[in-house]
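Hi,

Here is the complex I promised to pass on. Have a look at it first, and then read my notes below.

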Amino acid sequence: MIPSPAELGHLSLWLAAAAALVMAAAPVRPALVGLARPAAVAHGLLLLCAYAAMTHAFLVSDFSVSLVATNSHTAKPLLYRLTGVWANHEGSMLLWVLILGVAGLAVALARMPLGETFRARTLGSLGVVALGFLAFLLFASNPFARLDPAPPEGMGLNPLLQDPGLAFHPPTLYVGYVGLVVAFALAVAALLDGKVGPAWARATRPWVTLAWAFLTMGIALGSWWAYYELGWGGWWFWDPVENAALMPWLAATALLHSIRVLETRDALRNWTLMLAIAGFTFSMLGTFIVRSGLLTSVHAFAVDPTRGLFLLVLLLGLTGWALLVWALRAPKVAEGARFAMTSREGVLVVNNLLLMALLAIVFIGTLYPMALEAWNGRQISVGPPYFNATTVPLIVLLAVLMGVGPFLAWKRGTTSGLSRRLLLPGLVATASAGAMLALFGVSGLLALLGVAASAWLAVASLQLLLRRGLTFGRAGTALAHLGVAVSILGATASGALQREALVSIPLGDGFALSGFTVTLDDVAPRAGPNWTALEATLSVTRDGAPVATLRPQSRTYTSPPMETTEAGIAMWRAGDLYAVLGKPDGSGRWQVHFWVKPLIHFIWWGAVLMALGAVVALGGALRLGALARRRRALPAPPAAVPLPAE
Amino acid sequence: MSGRVALAALLLAAAPAGASASEPAAVDPALGTTPLADPALEAKAMRLMHELRCLTCQNQSIADSNADQAEAMRALVRSRIAAGEAPEAVRADLVARYGDWVSFRPALRTDTLALWAVPALALLAGGLVARRLFR
Amino acid sequence: MPLTRLLPLVALLALGVFLALNLGRPQQATIRSAMVGKPVPAFALPGLGDRPGLASADLAGGEGPVLVNFFASWCLPCRVEAPQLKALAEAGIPIHGIALRDAPADIAAFLARHGDPFVRIGRDEQGQVAIAFGSSGVPETFLIDRRGIIRLQHQGEIRPEHVAEILAEARRWR
């Protein structure tokens, strides 16, 4: 009998585990080092096969595969059958190892200026991580588990997940996590090799930059999804799952900056290695929190405590091993030359310090309720009031430094010309805060600080962008920093200037909110491919002129049965008018929640700018590498490190 | 400032629990879905409602939720703010009934001291580590 | 190797132990009332039809402890616990009912169908008394001693195995 694609997929997974074992074993003996690259290539290709088999099962609705039967349905649109592969626990872990496999493929095939032994050690660490996750897949959550007999129809998909924003949120985030795994593997290899210096930083930085760009976009996509899909009107809830993604991002941001110091000044070696390990630890911790159901969350859809234990053991084993290697092998030399406070590296150190403080706040704030309940049985909530009060001052401080840092020179502690350069940002910042106070009556200190910091950073970043002699690296920095300024402005303005009303009105009636008049024209049933809904028609006018028509829905999905709210959203200027339809009260009145959210899109556009900045910087880093290669190739001075056989 | 507010909440919570129970403020159920006429009072109520946690939903404030119980709690908050009660007194009363869980703003107490001290401690620890980097 | 180098590893292991211990604990999905040990909040609720309503004054000063059961006709687990409420009433504990956000006709139909173990019934149409009790849903049952102090909160339906526990608590607070 010819094996079915699903069986071939399952077999590929086992073979990939064998390849990962070879990768892990290769660096142990010099004779085996040559096996690392072919094993990594095989590992990547086998995972591609396994993933293709699973996609095939979803596409043809092969309900003999348990995962397909539980999570898909013949009535499901094609796009969501494709994305359905990862919209569940087993499939998302399969996607995770696939991306890891592709990353291993890239490490195996890319140039490696640090030598073949170093490459083998990097691939070895990747192999160990892959082995752990493949064991998790094969023993604790086999995606290819079969059903016999196969059911005639699938059980659908969580309707909240049938959404473009969420469909592409996990893969984006996973690329980011895997990028951090590669940085981790490079750090472990560096520790084993004792080769920690500018060359290592140059080889690692593209991976960190890539990971950071994807993490940024992944978090932004998740936030955007929560904003328009959950229908709560918010874009960030300081929810455990959001925090779980934010923590590796903060570590990656710190790493992105400290690795620059290592590259330029050959300093902060131990610290940078520690951050590379921390970035990986926190992405593992994030996976663990999301998948174990340890903390209740609005985003946790697939939870299972026994799998949680497996993930926890994996987390402890991998990071414990890395931290032990760090303790034993971290460079014994001092961190290099001392820094001047007003040098570029001095500000970058303070930046790292602030980012670590933010990370500590998010980490402690997320786990504190659980710890306290275990300690004395008291149930507390740590919510937005805590996180806003503690993080916003640090973010403002960070933004101020971000405006200054790029203008400072490396090494030297001179500040000449700095005050002239910072005059304009300072003036614009003061003016913006003043305008907020005078024109919009915003008097909250944090809001005014937020606007001022955003204006300061935006102007400073634009100055950086317009300065003569623009390089890829500087353009990347300027764009990413400008993105941060734009996001801060969006977050501050949409919060401080937001207006909301929660009313209960009959058909034909309306209400007024900050210059808008909202009328409930109609509530009518509507039907979609796999849902029915009640849809309200709300017409919004301003000074008698129509502005928008909002159609929020209260949806009921058929398989599985589930009710969701679909917000009615219309752009207004650079913000949104946002409406949610609530329940009828039985006497002909409908509950309507309506918000005016100025500038809220800036939050996500800022994130896009940040990721764009990272891509530009990545281009610069790769180009720089190519330049260095060409220079080396021309007069051929003996290279410090052997070139890889290509 | 948040610390002081939390401290005030703590002091109020320590007041005799029977005090408010003996004279329950009349709650107007319509206020669950109707804003207060006075915008200043409504803003006050809204700020508090955003910091109170809905009991029947996942991680959602009563201002954002359309659950029945959130509506009842909104009616209670608006009625008592309209009757002239301070937001922190209303928060303290709800905390006295549901425990600290109902407030998204953790009170400053001995067992939450570590939580509120995190930013300062983290900066201090980081500063000590970073100090030897500078000349 | 300086010992401080081992600090990150120690921190990680501590975190691991903490997470592992919490992973085994059943997750507390419900929020306990903070009113246990405190006097019953003052309230007065209208009754069902011509039956008298329920007020806080009815709960204290009797011969022994009483139960207050929050229920609703729209709540499925409330049907599940009906036989257990009957058993508790037959064991001699007065049970008062508070119907949460429910219409009189629906309450009457529910009682006719699933039994009526209640001495008095109050209708909490707005859910304000539930908030005063620190209750977060239906069904929920409170044990109140004769001094009018709330002694126990039982969240969710009372299953057959809970009856003995509740009776024991009732004896304790006699």
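To start you off: is Asp266(A) buried, partly exposed or exposed, going by its C-beta neighbours inside 10 Å? Asp266(A) has 17 of them, so it counts as partly exposed. (The cut-offs: buried means 20 or more other C-beta atoms within 10 Å of the residue's own, exposed means 12 or fewer, and partly exposed is in between, with C-beta atoms placed from the backbone.)

Some housekeeping before the rest. This is a predicted model, in which local features need pLDDT of at least 70 and side-chain atom pairs count only at pLDDT 80 or more, while totals for chains, interfaces and linings use all residues. Residues are numbered from 1 along each chain as its sequence is written, and chains are lettered from A and ligands numbered from 1 in the order in which they are written.

Confidence

The predictor gives an ipTM of 0.87 and a pTM of 0.90 for the complex. Chain A has a mean pLDDT (the predictor's confidence in each residue, from 0 to 100) of 88, with 93% of its residues at 70 or more. Within chain A, helix α2 (residues 36-59) has the highest mean, 95, and helix α7 (residues 164-167) the lowest, 76. Watch residues 636-646 of chain A: pLDDT stays under 50 there, and the model has ten contacts beyond four places in sequence for them. (Two residues are in contact if their C-beta atoms, placed from the backbone, lie within 7 Å.) Chain C averages 89, and 96% of its residues score at least 70.

Chain A

Chain A has 18 helices and ten strands. (Helices are DSSP runs of H or I with at least four residues, strands are runs of E with at least two, and both are numbered from the N terminus.) The C-alpha trace spans about 85 × 80 × 55 Å along its principal axes. A compact globule of 646 residues would have a radius of gyration near 26 Å, and chain A agrees with that at 26 Å. (That is taken over C-alpha atoms, and the globule rule is 2.2 Å times the number of residues to the power 0.38.) Of the 646 residues, 55% are buried. For contacts with a separation of 6 or more, 74% join residues 24 or more positions apart.

The domains of chain A are domain 1 (1-162), domain 2 (171-185 + 194-333), domain 3 (390-497 + 601-612) and domain 4 (499-597); the bounds come from an automatic or database domain assignment. The C-alpha centres of domain 1 and domain 3 are 42 Å apart.

Most residues other than glycine have a negative phi, and most peptide bonds are trans. Asp266(A), in the loop between α10 and α11 (269-292) of chain A, has a positive phi of about 55°. Trp238(A) also has a positive phi, near 55°, and sits in the loop between α9 (198-229) and α10 (240-265) of chain A. With 21 C-beta neighbours inside 10 Å, Trp238(A) counts as buried. As for cis peptide bonds, one runs from Asp148(A) to Pro149(A), with omega near 0°, and another joins Val138(C) and Pro139(C), with omega about -5°.

Where the chains meet

Gly383(A), in the loop between α13 (344-376) and α14 (384-404) of chain A, is worth a click. Gly383(A) is buried, with 23 other C-beta atoms within 10 Å. Neighbours within four places in sequence aside, Gly383(A) is in contact with Trp238(A), and also with Arg53(B), Phe104(B) and Arg105(B).

The contact between chains A and B takes 44 residues from chain A and 31 from chain B. Helix α6 (residues 113-131) of chain B gives the largest share of the chain B side, eight residues. That side divides into twelve nonpolar, twelve polar and seven charged residues. (Nonpolar covers Ala, Val, Leu, Ile, Met, Phe, Trp, Tyr, Cys and Pro; charged covers Asp, Glu, Lys and Arg; the others, Gly among them, are polar.)

Chain B

Chain B has six helices and zero strands, and 45% of its 135 residues are buried. In helix α5 of chain B, nine of the twelve residues are buried, so the helix is largely enclosed by the rest of the structure. Just after α5(B), Gly99(B) takes a positive phi of about 85°.

Cheers
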